[in-house]
Amino acid sequence: MLNIWVVAPTCLPLVLRRCHTCASERFRTSGKFRVNAHHKLIDAWLLALCTACGETTKLTVLERMHVRSVRPELLDRLHDNDPGLAAELLQDPVVRRRNRIALDWDNAWRLDTGGPDHLDREVIDVSVRFAARIPVRPVRLIAEGCGLARAEVERLITDGRLVAAVRLSGKLSGDFTFTLKR
Ligand SMILES: [Zn+2]
């Protein structure tokens, strides 16, 4: 039987960018936008505050876009400070590249295993699904989900009793499946 585990965000990730006022490199966004219309051109930014000194930074969402080329639905969401929009934009690689930011997902996600019932079985097949592209270490996920120490998980991999079609060392941010044989 295939078990489904879900990696899901619990809040917005921190934004990694150097603060010009202090030495911090982390900004927290509450999902607020600033929209500026000048003649027929629109700029829009996602606002974030330095976690150390509170300085505001602006992440460019729209840059001098002609009002008619912006989808009305997007404009509404920007004006409404739509909480889901900030999450979508931060996960967009184009937005991240344009603003030269990376994300810190520590403490911003959780693993839902649907309960521990399947952990007693001799062979466990698990499909791990990502509700957002959150980079996590599979070793850490499997340790947490199975209630094992990370060293034990690493030993199971070495012994060939924990197998997957993907590399389990390093980080992953997309769906994968693994099999654990006790
Ligand atoms: Zn600062």
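Of the 182 residues of the protein chain, 40% count as buried, where buried denotes a relative accessible area under 20%, exposed one over 50%, and partly exposed a value in between (1.4 Å probe, protein chains only). The structure is a predicted model, in which local features need pLDDT of at least 70 and side-chain atom pairs count only at pLDDT 80 or more, whereas totals for chains, interfaces and linings use all residues. Residues are numbered from 1 along each chain as its sequence is written, and side-chain values use heavy atoms, with hydrogens and water left out.

The protein chain comprises five helices and 11 strands; helices (H or I, at least four residues) and strands (E, at least two) are DSSP runs numbered from the N terminus. Along the principal axes, the C-alpha trace spans about 65 × 35 × 25 Å. Of the contacts with a separation of 6 or more, 63% are made by residues 24 or more positions apart, a contact being defined by heavy atoms within 4.5 Å.

The chain carries 29 positive and 22 negative side chains, and the centres of the two sets lie 6 Å apart. Lys and Arg count as positive and Asp and Glu as negative, without His and the chain ends; each charge is placed at NZ of Lys, CZ of Arg, CG of Asp or CD of Glu.

With a disulfide defined as a pair of cysteine sulfur atoms within 2.5 Å, the count comes to zero. Cys11 is in no disulfide, and the nearest cysteine sulfur, that of Cys50, is 17 Å away. Cys11 is partly exposed, at a relative accessible area of 41%; Cys53 is likewise partly exposed, at 37%.

Helix H4 (residues 138-146) is largely enclosed by the rest of the structure, because seven of its nine residues are buried. These are Pro138, Val139, Leu141, Ile142, Ala143, Gly145 and Cys146. Their packing partners include strand E1 (2-9), strand E9 (123-130) and helix H5 (150-158). Gly147, which follows H4, has a positive phi near 70°.

Val136 is located in the loop between E9 and H4 and is buried, at 5% relative accessibility. Beyond residues up to four places away in sequence, Val136 touches Trp109, Phe130, Leu141, Gly170, Lys171 and Leu172. Its C-alpha lies 24 Å from that of Ala48, at a sequence separation of 88 residues.

Phe27, in strand E3 (residues 26-28), is buried with a relative accessible area of 2%. Apart from residues up to four places away in sequence, Phe27 touches residues including Leu14, Cys19, Ala48, Leu49 and Thr57. Glu55 is 28 residues from Phe27 in sequence and 8.8 Å away in space, C-alpha to C-alpha.

Thr56 belongs to strand E6 (residues 56-66) and is partly exposed, at 40% relative accessibility. Leaving aside neighbours within four places in sequence, Thr56 is in contact with Leu47, Ala48 and Leu49. Thr56 and Arg71, 15 residues apart in sequence, are separated by 27 Å, C-alpha to C-alpha.
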